[in-house]
Amino acid sequence: MPTDPRPSVSGRRNVGAADPEPTVERGPDVPKPSVSTRILERSLADLRGKKAFICDMDGVIYHGNRLLEGVREFVEWLQREEKNFIFLTNSSERSPRELRQKLLRLGLDVEESHFYTSALATADFLSKQMPGAGVYPIGESGLLNALYDAGLTLNDVDPDYVVMGESESFGYEKIERAVHFILTKGAKLVATNPDLTGPAEHGLVPACGSLVAPIEMASGKKAYFVGKPNPLMMRHAMGRLQSRREETVIVGDRMDTDIVAGVESGIETVLVLSGVTKREDLGKFAYWPGYVLPGVGVIPE
């Protein structure tokens, strides 16, 4: 029976002086014909030397209400080493305060200033495009609070924008009203992120990209997505970190949002296999992550 020629993902922490430096799968330095031969091994020393970390949350830090293995050590390492870091999530459901409270319940103490969501990015974008604009939002408290705090007006009569985020109360009536506003009132369709699914404790669940699709199809209008991989959100994150590209890294679980956002922003990329993208999916993409790790617990020394 032929053996699998692909290199394995190695992410064991260096737990003793006699232990070798952990190695990880590394993106290509020279062109090769296949996934199995393109991925090389490289030390984590360069990664650990970065000054600024942009980290996704769902699939990287937790699944639903379950903290992932090694996350506690990773966050403590970021704090101990005085790294600049921000949790950058495409999910629009929760505000930074709610995200802080969630991590507190999971045993992690992270200040509100370390969180930036697609809801905040969307509110920032709209407030600059049309200050005080009327919006018809479909989403949870994280989106509603962000829009209100940015000076936008909630409007269910003749809004300037229909704004779509993740929602647990999404139904036909809201689709009908959104399409009506777009077709008869000239409202523009904006969505917080293009994710079709997101990881949860019991598996994948529909995300914003799936929820906005019926509105796009019925109205014939394409949504403008503000969240990753839109460079707008990456620029906001790097601005908050006050970091240069060469000293910044993004850690995420999705090739189609996190990793492509990093590639297009010119920063180092780390794909963790604890979320949506699996190792066998890498060959589907025309770009490559800088590192492939089983989880963030591999990163600390």
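**View 1. Five strands of the predicted model form an open sheet.** The strand order is E9-E8-E10-E11-E14, and the pairing is parallel. Strand E9 (153-154) and strand E14 (224-225) stand at the edges. Each of these two has a single partner strand, so one side of each lacks a neighbour in the sheet.

**View 2. Strands E8 and E10 pair within this sheet.** Strand E8 covers residues 134-138 and strand E10 residues 161-164. Four bridges join them in the parallel sense. Ile138 has Met164 in E10 as its bridge partner.

**View 3. Helix H5 lies across strands of the sheet.** The helix comprises residues 118-129 and lies across E8, E10, strand E11 (188-191) and E14. Helix H5 runs at about 170° to E10.

**View 4. Phe53, Phe74 and Trp77 form one aromatic cluster.** The structure holds eight aromatic pairs. In the pair of Phe53 and Phe74, the ring centres are 6.4 Å apart and the planes stand at 70°, so the arrangement is edge-to-face. This pair links distant parts of the chain, with Phe53 in strand E3 (residues 52-55) and Phe74 in helix H3 (residues 71-80), 21 residues apart. Phe53 counts as buried because its relative accessibility is 0%. Phe74 is also buried, with a relative accessible area of 0%.

**View 5. Lys102 lies over the face of Tyr62.** The distance from Lys102 to the ring centre of Tyr62 is 3.8 Å.

Conventions:
Residues numbered from 1 in each chain as written. Predicted model: local features only at pLDDT ≥ 70, side-chain atom pairs only at ≥ 80, totals over all residues. Heavy atoms only, no water. Phe/Tyr/Trp six-rings, centres within 6.5 Å; stacked < 30°, edge-to-face > 60°. Buried < 20%, exposed > 50% of the residue type's maximum accessible area, 1.4 Å probe, protein only. Lys NZ or Arg CZ within 6 Å of the ring centre and 35° of its normal. Pairing = 2+ DSSP bridges. Contact = heavy atoms within 4.5 Å. Axes fitted to C-alpha atoms, helices over the stretch in contact; angles between N-to-C directions.
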